Every structure is written in structure tokens, then in C-alpha cells.
Amino acid sequence: MNPSKEIVPIPLVIIGAGAAGMAAAIFAAGTDASPRPILLLDGAKKPGVKILVSGGGRCNVTNKTVTAKDFNASSSAVVKRVLKAFDNRRTIAWMEEMGVSLKLEETGKYFPVTDKARTVLAALQRRIEELGVELRSATRVGRIIPDGELFRVELSGGENLLARRVIVATGGLALPKSGSDGAGLQWMRELGLKVNPVTPALAPLIFGEGDPVGDALRGLSGLTTEVRLTLHTPGGARLTESVGSALFTHFGMSGPAAMDLSRHFSQWVVANGGQRPVVRLALPGFRLPEDANGWLVEQAGKFPKRLVATILEEVAPARLAAVLGEGMGRIGDLRREERLELARRMTGLPIPVVGDRGYPFAETTAGGVDLSEVDPVTMEVRRVPGLHLCGEILDVDGRIGGFNFQWAWASGYLAGRGAG
Ligand SMILES: Cc1cc2nc3c(=O)[nH]c(=O)nc-3n(C[C@H](O)[C@H](O)[C@H](O)COP(=O)(O)OP(=O)(O)OC[C@H]3O[C@@H](n4cnc5c(N)ncnc54)[C@H](O)[C@@H]3O)c2cc1C
């Protein structure tokens, strides 16, 4: 401890130089009235790793349409307010101001025209430097402790800082090798804030061993196809669904449809004492077994001698068609019960999902600090004046498509403005 460092409190310390912390620093420092100095601390030697690996190394910065419905959160109303204050158009204009031109792809995702995430990270870091924010990397914070109207920021090296205001942007637990290990969540628990149970989100799904369907689907490793995945309670009640592309792998399933579903699966497990919900896979062209049955009857009338697997190739890739039609001969020879069973498989094949691949493979964290804890105009913690939060530490997670960065920019903007 170095007591001399404690004499003059620093007006603003931001902990975490990820997407949210950098946005907060830029908007806190961006006006003539901004406090000086602003310290931006990060435990990582090279902050911004998550931006570099995002979007397959291209960084999906935002989306063409962003609404509160694209997020799971403890308060949809707060998400809406935050997104309204800094929407996707603001993100696009802000990126342009920093010299990052974005392009819109058919999927609705925005990427830098360079197709390089490094362009985004370099622009943010350049802006931080231009604004005179002092970025200290390889500086890990151990704890923050309110001290009267100030905050004591304890660095892991033993040094203490005093701050008038603190923005905590330490993220969640996803991709721990990037430096995000949930430390900030623990500080918030210690401060008595409501922190909702956390699980990985946007993570691939794992199939259990020794299940014939799981084994057959694992055999499709490398196949990408459109699917509808539905989640049900063990009693059969439908919880949610996810439609989109899925990639079969040697461990289970990845791709947007599986990853978007993972947070619902894992949060349900936590909320239900470790019990597992049921995941069903459906061909997206058919919603109900009756629809699929009607189509099968029609096909049987037209092509009675064709094999079921061949018929199914009309609506599914050949390898998946072979799994669905496994053990079935010609379509014209199917008994009614067999055809109805096939229709049920086409619209809801139970797949043996046992969990997700965990934080090292997750893109974000579900759960976190309850949104009721913050003022949505300044992101200030209601019961700890002077402390602001932004980014993944809060109980908000978006689906795949640039929504998580949009949340980081928008909440970072408000926290930066609020604290600066
Ligand atoms: C592989 C991958 C791909 C992704 N792709 C996309 C995408 O294309 N589009 C999209 O919208 N989202 C994407 N995401 C999600 C997105 O990266 C996150 O939502 C976003 O980075 C969260 O920002 P954050 O600033 O809140 O947290 P983080 O980015 O996790 O930043 C937190 C920072 O705090 C630092 N820190 C943590 N604890 C301490 C401490 N005790 N002391 C000091 N520093 C600390 C960490 O080192 C880190 O730099 C992706 C995520 C991953 C993992």
C-alpha cells in the first residue's frame, strides 16, 4: 500500500477496458466539462481480446434492427430505455466519426468494411488516447470498497487508489482467458446488490453419450442446416424456440439456433435444481405433426415406391434425412402409425442435450446484476451513489447478431455520460 496515492482522489476510475468500458471512457471524456484525469484499468496485458475474436474476427458491431425483444433481461423496460438513448444509428454514426465505416450484410448484421475486428479495436483505442484517458493495462483490481463519498480501489499489486466515481465494466464470465472472470459480479454481491444466477449464454450444446439419436446426430458432424429447436419442460410444456442455422459437431450442436437456445436451457437447469429440460429438433418447414403427416400422405400417393429417406431429402439435407428415415423402407409401405411417428420425428425429434460447453466457449453471460439496481439514465447504482455499471455485468444478454455489442455501446454511453 502506498498512502501517498490516497491523498488526491481521482475523479473517475473505469474498471474494464472491454467494449463497454471503452465506450464509457470515450463518452465520459468527450466534453469540455469532463473530469480529469480519467483512469481506465484493465487486468489484461492486451485489453480488447473479445473484440478481436468477435464475429469470427470481423466484429459484428450492431444490427439493422435492434429492439428489446432481441434481449433476455431482468427488465425489458430498462433495456428499451437504454437502447433508445443510444440506438444502432448512433452506433453507426459514432463508428463513422472514429473512422470505422460499416457495411450491412443480408443477415442484418453490421461489420466494418475492412472485415477486420482490429479496425474497431484500433479506432476505440485511438479515440481513448486522443481524449487523454489514461489506459493502464495489466492492472487488475482486487476489490472496490465504498469509503464515505469516495471509493477505495484495491489493485492486485497492493496499491490503493481513491476515486470519486467508479464505472465497473468488468463483463461477465464468458471467455475467461480474455480476462473476464466474474470478479465484478462478486464485488456487487458483496455490496449487497441483487445478482441473478449466471450461466453461459450463446454457447454450443453438448449431447449425452450412449443415446442412439445423439450418436446418429453426432455422426452428421460438419453438416449445417436450418432447424427449429424447441425447449420443453420434462412434463412437455413448451418454453421457447429458436429458429435458424445449426451446425452438427462431434460433441453436439453449434451454430446460431443452438447457441441462441443455450441460455434458456442452462438458466432453466439452474432455476430447477439441476433438472434438465427437453430439446426437440424440427425441420423448419413444418410446424405441427399434422402438417408433416399431410405432406407425407401426399408424397406416398405420388411416389409410393420411393424410400422414406429419399423422400425426406426434399425437405432436409441427405445426411439428416437418412437419420430421420432410419430403419424405414418405402414410403408407400408405411403403416399409419409408422407414418405418424415419422411426422412426429420431423416436427419434434427429442435430442439428448445434457448441457452447454461452458464459459470458455460462450459468447456472453446470462444473468448478472438485476437492472432494478441501476438508474437507467446514468447507469448509477441506486443504493451506491457514485458507482456506475455497464455491459455484460448487468443482467442482459442478446441473441446472436451484434446485439451484445449494441448493449455494451449503449450502456457504456450512458454510464460514461452519467459519471463524466
Ligand atoms: C468469441 C466471441 C465472439 C463474439 N462475437 C460478438 C459479435 O460479433 N457481436 C456482438 O455483439 N457480440 C459478440 N460477442 C459478445 C461481446 O464480445 C460481449 O458482449 C462484449 O464484449 C461485452 O463487453 P463488456 O465490456 O461488458 O465485457 P468484456 O468484453 O468481457 O470486458 C471486460 C473487461 O474487464 C476486464 N476485467 C475483468 N475483471 C477485471 C478486474 N478485476 N480488474 C481489471 N480488469 C478486469 C477484462 O480483462 C476485460 O477486458 C462475442 C463474444 C465472444 C466471446
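## Basis of the description

Helix axes are lines fitted to C-alpha atoms over the stretch in contact, and angles run from 0 to 180 degrees between N-to-C directions. Helices (H or I, at least four residues) and strands (E, at least two) are DSSP runs, numbered from the N terminus.

This is a predicted model, in which local features need pLDDT of at least 70 and side-chain atom pairs count only at pLDDT 80 or more, while totals for chains, interfaces and linings use all residues. Residues are numbered from 1 along each chain as its sequence is written, and side-chain values use heavy atoms, with hydrogens and water left out.

## Ligand surroundings

The ligand is surrounded by 33 residues, a residue being near if one of its heavy atoms lies within 4 Å. D42, K50, S180, E392 and F405 are the closest. By class, this shell holds 13 nonpolar, 15 polar and five charged residues; Ala, Val, Leu, Ile, Met, Phe, Trp, Tyr, Cys and Pro count as nonpolar, Asp, Glu, Lys and Arg as charged, and the others, Gly among them, as polar.

A polar side-chain atom of D42 is placed 2.6 Å from a ligand oxygen atom. Backbone atoms take part as well: a polar one of G55 is 3.0 Å from an oxygen atom of the ligand, and a polar one of N60 is 2.9 Å from a nitrogen atom of the ligand. Polar contacts here are pairs of N or O atoms within 3.5 Å. Taken alone, the ligand exposes 1000 Å², of which the protein buries 94% (accessible areas by the Shrake-Rupley method with a 1.4 Å probe). Two or more shell residues are given by each of helix 1 (19–29), helix 2 (49–57), helix 6 (183–190) and helix 13 (403–419). Helix 2 supplies the largest share, four residues.

## Helix 1 against helix 13

Helix 1 packs on helix 13 at an angle of about 35°, with the axes 7 Å apart. Their crossing is right-handed, meaning that the near helix is turned clockwise from the far one by less than a right angle.

From helix 1, A19, A20, A23, A24, F27 and A28 meet F405, A408, W409, G412, Y413, G416 and R417 of helix 13, where contact means heavy atoms within 4.5 Å. This contact comprises 10 nonpolar, two polar and one charged residues.

## Helix 1 against helix 5

With helix 5 (residues 117–130), helix 1 packs at about 35°, and the axes are 9 Å apart. This crossing is left-handed. M22, A25 and I26 in helix 1 meet L121, L124, Q125, R127 and I128 in helix 5. The classes are six nonpolar, one polar and one charged.

## Backbone features

R36 and P37 are joined by a cis peptide bond with omega of about -5°. P37 sits in the loop between helix 1 and strand 2 (38–41).

D115 is not a glycine, yet has a positive phi of about 60°. The loop that holds D115 runs between strand 6 (109–112) and helix 5.

How values were computed: Polar contact = N/O pair within 3.5 Å; in protein donor to acceptor, adjacent residues only side chain to side chain.
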